[in-house]
Structure formats: C-alpha cells, structure tokens
Amino acid sequence: MAEIFLLSLRQLLGRWRLIVILLLAALPSLLVLLIRAIGEGEMAFHGEFVGVVIDAMITGGIMPIVTMTLATAAFGNELEDKTLYFLVLKPVSRVSIVLAKLLAVLVVALPLVIASGVVASALVNAEAQQMGILAIALAAGVTAYASVFTLAGLLTPRALAYGLVYVLVWEGLLSTIVSGIGYLSVRGYTLALLHGMDESSFAVFEGRVIEFPAAIVGTVVVIAAFFLLALYRLRTMDVP
Amino acid sequence: MNSPNVPVIAVKGISKWFGSVVAVNDVSLSIDPGITGLLGPNGAGKTTLLKMIEGLASPSDGTVTIFGQTPRNNPALHRRIGVMSEHEAVYGFQTGRQFVEWSAKLHGVAATAEATALAIERVGLADAQNRPLGTYSRGMRQRMRLAATIVHEPEAIILDEPLNGTDPRQRIEFHDLMRQLADEGRTILISSHILEEVETLADRILLMVSGKLAASGDYRAIRAKLDEQPYSVRIVTSDSRKIAAALVELDSIESVSIGAEDDVIVLSKNVAVLQRSLPRIAKDRGIRLERVEPLDESLESVFSYIVES
Amino acid sequence: MSQAQAEIYDLGYQHYDGPRGGRMQAVKSLWVNSFRTTIGLGRGARAKILPVLMSLFVIAPPAVFLVIAAVSPVAAQVSHADFYTATSILLLLFSAIIAPELLIPDRRNGVTTLYLVRPLTAFDYVIARWSAFLTVALLVTLFGQVLVLIANSLAAEQAREFLQENWLDIPRFILAGVIITVFVTTIPMAVAAFTDRRAYAAAFVIAAFVITTPMSGLLTTEWCERSMTFAVESGEIVEELGPEECRRITGDYAKWFVLLDVGQAPTHLGDMLFDDDTPDDASILVAELPPAVPIVWYGLLVVGPGALLLWRYRSMSI
C-alpha cells in the first residue's frame, strides 16, 4: 500500500499545481495582513472575520476547491491516462487502493486547508481553543469532501465540473434560498460543527446551521458511505 | 503446482455485451503452458476477452478461471500473473527502473533490486533504465512495460498487442525472450492482429472473428481445415423450390433447405463451384436471383487478411 | 549506367475534383464544429448534460419571473442590470467548465497540428474557437434578457406603453451582454491554453472568481460606530449616544478594492449602461472612481488573457 500511496502523492504534487494551491491557501492570511497594514480598526476573531474569511473564503471556496481538485484527480487521472490497471492487477486489496488514494489526498489537502484557516486566525489574535476548533471542523470538512470526490473521480471524467456545480449552485446559491439543504451539504456540516463546538465565537452562523449532533452524524456517514461506495465501484467497474 | 488435467486458463461460455453490442459471444477455450497466440482483426473482441481473463472486466455470462481460481477481485491470484495491456500509458515521471521496481514491490517480490535488474537485463534496457519513462521511444516503453510485467516471475503471462511500436530487431529479441520464458514452463498468451508476429512463436493459435472463437490449433492446420469447411449461403429467388431442386443435383452441395422467409439455405463444400453454377442454373430455368449472401462470418477472408498483412 | 525502370500506377481511388475552399472556409468549418461541441451536438448524451444544465441555470430565474408576471396582476419589475449581476456567476461556471473543452482535447489528442496544416493559422484557429463559444454564451444570455423584457412588459400596466418607454433597454442589454460574454469566454480559454487537463482549467477559473468576491467584500466593509458621551445631570449619570459614524475598513482605498472582485468587472460596465435605481454597495463605490477606471480594468482583464492565449498558440511548438 505504501507504494501506491507514494505514487499517488507524487501524482498530486505537480509543481505548478502545488504553487497555485499554496497561493490559494495563503490568500486569507495575505488578506488579513493587508487589512492590518492599511485598514482602520482592528480585526478580531468574530463577526466579519468569521463570516467572510472563515465562511465565505475558506469553507465556501478554498476548502472545497482544493480538496475536490485533488480528490477527483486521485482516480480521475489514472482513468484519463488509462493507468488504473497497473494498480488493480497487483496483489493488493481494493481497500488498500482506495485508502492509499484517499490518504494521499488528505496528506496534501489537510495541512494546506487547516493552515489556511489557522494562520489567518492567529493573525487576528484568535485563542488557541478557537484555532483548535477551527482545525477540527476543517479536518472533518476536508475528509468528507475527499471521500465524496474520490468516488466521483471513479464515476465520471467530468467529476470536478460536477463538483464545482455542486459547490457553487447547491451549497452556494440554493442553500441560501432553501434551508433544508444544510442537511445535505458538507459546507453546512462544517459550519454547524464550528457553531456546535463554540456558540459564542461562531455566533454569526446562528439560525443558519443545522443541529450539532446532526452535523456530526452527517459528516461520519458521508465519509464512511462514500468510502464504501468508492470501494464498491472499484470492485464492480470494468477497468479500461 | 497445477494438476496436469486442469488447464492454466479455462474459459467457459464467456460473453460480454455493452448495451446491444456483443463484443464477445459465447467463447470457450483452455490454455496450457507454452505460447498461445490470440489472433483476430481489430475489433474482433480480443482485448475484451483478455480483460475478462485478467479480471479487469466482468463477463456478462460464463466463467473464467486461472489456476482454478476466478481472477475477478482476487488480488492474491495476481502474484502468479503478469499482464501487459494494450494501453501504452505509463507514469511519465517514473524512471524505467523505478517503474519496474515499483511493480516488483507491489507484487511482493522479496529481492526487489535483483529482480528489477534481471527483468531490465532481459529486455535489454539496462542503459536507459535511469531515464524518465516520458522520454522513452515507443519501442523502449513497450519493452520496459514488458520488464515490469515479468519482474515477479509470473507463471502466467498475458500480453495484449505487445509488439506495437517495436522494430524488427526488437521483435527477434522479443521472440527469444518469449521462448525462454515458455521453456521455463510458463503459460503465455499473446494477442495480435498480425499473424506474422506470432506464427513462428506460438505453439497454438486461437482465431477470433466478430466476438466468436473461429478456430484453434496450428495455423497451417487451420488453413488446411478451412478448405474442407462447408459454407452456408442464403439465396433469395423468384422460385425457391425450383432452384433448390436444381442445386441438390450438384456434387459439392451437402444440403439444401428452404428457410422461413421462403429463402434457400445451401450448405456447400466448394464455394467456387457454387459460384460458377448458380447463375447458369438460374438462367437455364428462368429463375430470377434476388439475393445471394454468405451466412458465415467470412472466416476465409479474415484468415487471408491476417496471413497476408 | 542503365536507366532504372519505375512506374507509378493509378490505383483507381477516386480523386476529389470539387472546389476547394480557402482560409475563410476552414475558419467557418471550425467555427461550426466548435459551436456544436459547445452545446454537445454530435456527441453522446453524457456530453449534453452539462451544457443543458448550465443553460437551464442561466435561463431559469427569468423564466420564473415570466411565469409570475404572466399569472399575477401585480408582479415586480426586474432590472436588466440585476439579471446580469445574478447570472454572472452561473455564466462564468458555464464558461469555465465548457470553454476549455474547445482547446484542451485537441492538444491532448495531438490534433491541433492537423488543423494547422490546413490553410488555418494559429490565429484563425483560436479566433474560430473563441467566437463560436462567444456566440453560444451570448445566445443564452440574450435569451434570458428577452425573457426579462417580456416579463417586465407583462408586469407593467400597459405592455405597449412600457415597451415604448423602455425600448432603449434593448440595445443596452445587448451591449452589456457582449461585454459580459467576451469576458467569460476569453478568461477560461486563456487558462485552458496553459494546462492539459480540462478540470484544472475550470477549477482555477472558478477559484479565482469565487475567492476574490469575499476578499473584496471584506476589504470594503463598512464599520459603523456610535460615540457615547456621559454627562451628569441632577446627580445621575446619563449616557448620550452620538450619531452613527460609518467608515470603510480600508478607508479611501475601499473604492479601489471593489475592483479586486474580478468576476464583477463586466457588471460595473453594465451598471454604467443602465440607470440603476437601487445600486448595491459595490456599484456605489465604483461610481466614486473616475469612469475610465472600470473601463480600463475590464479592458486589461480581457486584452491581457486574450493576448496570452494568442501568444501561447502562436509560439506553441506542435
């Protein structure tokens, strides 16, 4: 399994792709620094910062886009290049293959997305506990997106396109109109986890998020179910 | 290893369809140690058949076993099998040696470095082994893929069009390597659409046409058998009974029957005689011929295509 | 030395004796092919899902307005400018996903060369691809605007009167449509010239636009405060609230930071075309800038990527 993991890591870490992703992840911190330099008034870890930087920028943009790009590529590139048979014709269990791919995605995405949020928070003097909570919620969100879009990469070559439609239209536009979408949205889970763990710091999400226990169950179910579906898909699909 | 009466690869009544297209149609075969060539024109279903044997695709019907086990979702079995697919894609960033070594590790080879060196030596690419695969020529890439296929000393080796992109000299070297591997007691299945590639190499040939297994055995023997094979021809005329009666009198005709749509089905041993006599008979008796068509997939033409190309 | 004998036989293949089209003919064929590719014609059902879905997204909101206007006697008017603001993100998503389809597969399959050995130059090739996508995007957008126009005239008390008064909106929304579609066509195509995977091109464009919106939003936030004064009146402390004072978080720079929301660059020009009764925050800030600024900014965002796209194809070794 280590061999597949290392190979997958190498596939995900194209030089240009990594530079672009790093830049994207650095944007929240750069923004905070810019406001510090020329802004009037201090930014703090509440209100505008939570609503704009944590919610709109990170959970609504950086987290899904970075994770989806990597996760759909995990199997998507193997299918597009027709190299998947190299993996499935080795005496390695299907579970190991899916796990190796998912881990490779997480090893790249988790540090980037968590650092993106935590560093920006540190710059506005967030408390250690607030940063810890943020890291936990982002880790949950990244893992859920990774699980969903690893499967998507196995299902269709247009997985990232459908993913972008899902994030922008379903989680972005429709969730502001139809309230129940929070139950079927990874971004909704992430915000509800933040709010559930620290209601005062994340008070701006009040009334917009689903119940804390529902978010925990939702996250766990999504991660497990999509992992199993990916496994099932790999077992039943005809490999090109 | 294997009990002598169980074939290494056993395919029973296997079919594969995609929607309404039948790619492989009720194929049964068994393959023993030695070199077997799977021949057929492009689109005959060779690759689909090989994929089902390798376990990459599920048969729509029928069963496959290798060493008595089903290959689908059976990772442990792949320790004993080496597969080289039709796709020439590789991970371009790996060097040749990294690629072969990676395969060896995943196949659970104990002495990885030695096995890798030996496999690369066997395909004669030791000089280029430290260059990235992305910089290889087509022939070199094919040989390095072959090295990765045999690095774990598999007992059964399945190669789909392995000679694409190789030059005549590499072909000779390939033949020598295959012979060596076969002499070591391995079972080798090589597909090709060019007879010349495998005629001197394969102990036995399987001929596939339009998804069906059309013939098997030594290719010269297949050629000889073809002449004895009766052909069935369908004839539509203005008077089926009259032409049937006339045709029965010809020597080379085995049987004549009237079909459901009032057409005549003729089974003939000598198609040339039928070709010459039919118009004459029709003209003499004032029968109008509306349609004359062969019912068999034209094995004859397929075979000559393969032999001559 | 004896002359070696050789002869070339006519194998009897049929020759093409018909007329041969020139460069314009080639551009036209490529244009037609690009147009069909964009909407998924001549390809499998799966290739049609996204174009159909995306067109529906763009057309659905005005279609809903139209239905409301048709059945309800008192329906609200929807401005043409608001339609562009609302659909620009969907239009962008449409372009980011589908426009790379016109350039990347050709390069991946190595057939760009086959086009360029025809009487086509790299310039012709890019222009044909670009203009075909532009046409599709423009048709979808203008269709939406026509629906808005019909909805508005139905919602008005006198449809004929409404049209007589507002007919100028038609050239306005056509011009605004050209402005926005040129923008959403050029940028994804330029990005597509630099990557060999369609998915990455789409993700890059979407990320750039989705992230800059909240960034610009934060940099132009208004912070409001009320000063509080304390006075002692007859022994009691009385709090007195001063008037609310609002200022932008980045002060005078705020109006420049509106431009950071690159996805709205064409809508700023749209705002200049339409008289907007209820301008949003960003429009107010942009209005503070000299009018040349948003125009130049838009120009840079179109000409820059456009030049990169052409340069890339001219200098590509194929």
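Reader: How many salt bridges does the count give between chain C and chain A?

Author: In this predicted model, the count between chain C and chain A comes to five salt bridges. The contact itself takes 34 residues from chain C and 37 residues from chain A, and the two chains bury about 3,300 Å² between them, 74% of it on carbon and sulfur atoms. Tyr200(C), Ile211(C) and Leu218(C) together supply 19% of the area that chain C buries against chain A, more than any other three residues.

Reader: What makes Asp81(A) and Arg108(C) a salt bridge?

Author: The closest N and O atoms of Asp81(A) and Arg108(C) are 3.3 Å apart, and the rule asks for a side-chain nitrogen of Lys or Arg within 4 Å of a carboxyl oxygen of Asp or Glu, so the pair qualifies as a salt bridge. Over all chains, a search of the whole structure finds 27 salt bridges. Asp81(A) lies in the loop between α3 (47-80) and α4 (84-88) of chain A, while Arg108(C) lies in helix α4 (residues 104-108) of chain C, so this pair joins two chains.

Reader: Why are Asp81(A) and Arg108(C) each called partly exposed rather than buried or exposed?

Author: Partly exposed covers what falls between the limit for buried, under 20%, and the limit for exposed, over 50%. Asp81(A) has a relative accessibility of 26% and Arg108(C) one of 34%, so each counts as partly exposed.

Reader: How do you know that the salt bridge of Arg122(B) and Glu184(B) ties together parts of the chain that are apart in sequence?

Author: The closest N and O atoms of Arg122(B) and Glu184(B) are 2.5 Å apart. Arg122(B) lies in helix α3 (residues 112-122) of chain B and Glu184(B) in the loop between α5 and β7 (187-192) of chain B, so the pair ties together parts that are 62 residues apart in sequence. Arg122(B) has a relative accessible area of 24% and Glu184(B) one of 41%, and both are therefore partly exposed.

Reader: Why is Asp124(C) called buried, whereas Arg23(C) is called partly exposed?

Author: The side chains of these two residues, Arg23(C) and Asp124(C), meet in a salt bridge with an N to O distance of 2.5 Å. The pair links distant parts of the chain, with Arg23(C) in helix α1 (residues 23-39) of chain C and Asp124(C) in helix α6 (residues 122-155) of chain C, 101 residues apart. Arg23(C), at 44%, is partly exposed, but Asp124(C) has a relative accessibility of 6%, and since buried means under 20%, it counts as buried. Elsewhere, salt bridges that share partners join Glu80(A), Asp81(A), Arg108(C) and Arg197(C) into one network.

Reader: Turning to chain B, why is Glu88(B) called buried?

Author: Glu88(B) has a relative accessible area of 18%, and because the limit for buried is under 20%, the residue is called buried. Glu88(B) is found in the loop between β5 (81-84) and α2 (96-106) of chain B. Not counting residues up to four places away in sequence, Glu88(B) touches Arg138(B), Arg141(B), Gln142(B), Arg145(B) and Asn164(B). The C-alpha atoms of Glu88(B) and Arg138(B), 50 residues apart along the chain, are separated by 8.1 Å.

Reader: What makes Glu161(B) count as buried?

Author: Glu161(B) has a relative accessibility of 9%, which is under the 20% limit, so it counts as buried. Glu161(B) is found in the loop between β6 and α5 (168-183) of chain B. Leaving aside neighbours within four places in sequence, its contacts are Asn42(B), Lys46(B), Gln142(B), Ser191(B), Ser192(B) and His193(B).

Reader: Why is Asp26(B) called exposed?

Author: Exposed means over 50%, and Asp26(B) has a relative accessibility of 52%, so it counts as exposed. Asp26(B) lies in strand β2 (residues 21-31) of chain B, with a positive phi of about 50 degrees although it is not a glycine.

Reader: How do you know that chain B and chain C do not touch?

Author: Contact requires heavy atoms within 4.5 Å, and chain B and chain C do not touch, their nearest C-alpha atoms being 13 Å apart. Chain B does have 28 residues in contact with 25 residues of chain A.

Terms used: Residues are numbered from 1 along each chain as its sequence is written. Chains are lettered from A and ligands numbered from 1 in the order in which they are written. This is a predicted model: local features need pLDDT of at least 70, side-chain atom pairs count only at pLDDT 80 or more; totals for chains, interfaces and linings use all residues. Side-chain values use heavy atoms; hydrogens and water are left out. Buried area is the accessible area (1.4 Å probe) that two parts lose on being put together, summed over both. Helices (H or I, at least four residues) and strands (E, at least two) are DSSP runs, numbered from the N terminus. Buried means under 20% relative accessible area, exposed over 50%, partly exposed in between (1.4 Å probe, protein chains only).
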